[in-house]
Amino acid sequence: VQLYDGRTTTGQVVRSDVDRDLALIQTEVAGEALELFGGAVLPLGESVMAIGHPKGLEFSLTKGIISAVREQGATTNSGFGGQYLFVQTDTAISPGNSGGPLLLDNKVIGINTQKLVDEDVEGIGFALHYTEIARVLASAMAQ
């Protein structure tokens, strides 16, 4: 795992959820945790930021808005067919942004996971909703 300050450390997967495309990783170096959004409703149209490494460009930041919150099928082809909440955003989500946070006022509202790609589609990206992240974290803490 490469840290923003240039240091590297090893990490171990503690828990994973294939359908949510989510993994909890424990590293040897402690860092400052980002706070999960605590509100009941995400405000549509509000500015958000995505952090990631699109196409290998390290620690990149893109901006957009919250377009919608919707329930839809799993992002993977595992065949389990679960329905999960996602934040839809027009924020640029590219290969390398997956797994990075989608932030509203420096609070995590989602984990970037996918975007729709087609000739006539532009600016439709998805992040796993913060309540889905909270469920996985709560389950991991209970064990």
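**Labels and the values behind them**

Modeller: Start with phenylalanine 126. This residue counts as buried, at 5% relative accessibility. Keep in mind that the model is predicted.

Colleague: Why is phenylalanine 126 called buried?

Modeller: Buried means under 20% relative accessible area. Phenylalanine 126 has 5%, so the label holds.

Colleague: And what makes phenylalanine 86 buried?

Modeller: The relative accessible area of phenylalanine 86 is 0%. That is under 20%, so phenylalanine 86 is buried.

Colleague: Why are the rings of phenylalanine 86 and phenylalanine 126 called edge-to-face?

Modeller: Their planes stand at 85 degrees.

Colleague: What makes you say that the pair of phenylalanine 37 and tyrosine 130 ties parts together?

Modeller: Phenylalanine 37 lies in the loop between β3 (35-36) and β4 (47-52), and tyrosine 130 lies in helix α1 (residues 130-142). These parts are 93 residues apart in sequence, so the pair ties them together. Both phenylalanine 37 and tyrosine 130 are buried.

Colleague: Back to strand β6. Why does glutamine 88 count as buried?

Modeller: Glutamine 88 is found in strand β6. Its relative accessible area is 13%. The limit is under 20%, so glutamine 88 is buried.

Colleague: What does glutamine 88 touch, beyond residues up to four places away in sequence?

Modeller: Its contacts include Ile65, Ser67, Arg70 and Phe126. The side chain of glutamine 88 makes a polar contact with the side chain of arginine 70, at 2.6 Å.

Colleague: Now the charges. How do you know that aspartate 17 and arginine 20 form a salt bridge?

Modeller: The N to O distance is 2.6 Å. The cut-off is within 4 Å, so the pair qualifies. Aspartate 17 has 19% relative accessibility, under the 20% limit, so aspartate 17 counts as buried. Arginine 20 is buried with 14%.

Colleague: What about glutamate 132 and arginine 135: how far apart are N and O?

Modeller: They meet at 3.2 Å, N to O. That is within 4 Å, so this is a salt bridge. Glutamate 132 and arginine 135 are 3 residues apart in helix α1, separated by about one helical turn. Glutamate 132 is buried at 4%, whereas arginine 135 is partly exposed at 47%.

Colleague: Which residues are linked in a network of salt bridges?

Modeller: Asp17, Arg20, Glu132 and Arg135 are linked in one. By this rule the model has 4 salt bridges. Among them is arginine 7 with aspartate 5, at 2.7 Å between the closest N and O atoms.

Colleague: Last one. Why is valine 1 called partly exposed?

Modeller: Valine 1 has a relative accessible area of 48%. Buried is under 20% and exposed is over 50%, so valine 1 falls in between. Val1, Val13 and Ile25 make a nonpolar surface patch of about 260 Å².

Definitions and conventions
Residues are numbered from 1 along each chain as its sequence is written. This is a predicted model: local features need pLDDT of at least 70, side-chain atom pairs count only at pLDDT 80 or more; totals for chains, interfaces and linings use all residues. Side-chain values use heavy atoms; hydrogens and water are left out. Patches are made of residues with over 30% relative accessible area and no salt bridge: like charges are joined within 9 Å, nonpolar side chains (Val, Leu, Ile, Met, Phe, Trp, Tyr) within 5 Å. Accessible areas come from the Shrake-Rupley method with a 1.4 Å probe; for residues, only the protein chains shown count as cover. A salt bridge is a side-chain nitrogen of Lys or Arg within 4 Å of a carboxyl oxygen of Asp or Glu. Buried means under 20% relative accessible area, exposed over 50%, partly exposed in between (1.4 Å probe, protein chains only). Helices (H or I, at least four residues) and strands (E, at least two) are DSSP runs, numbered from the N terminus. Rings of Phe, Tyr and Trp (its six-membered ring) pair if their centres lie within 6.5 Å; planes under 30 degrees apart count as stacked, over 60 as edge-to-face and the rest as tilted. Contact means heavy atoms within 4.5 Å. A polar contact is a pair of N or O atoms within 3.5 Å; within protein, one must be able to donate a hydrogen and the other to accept it, and residues adjacent in sequence count only if both atoms are side-chain atoms.
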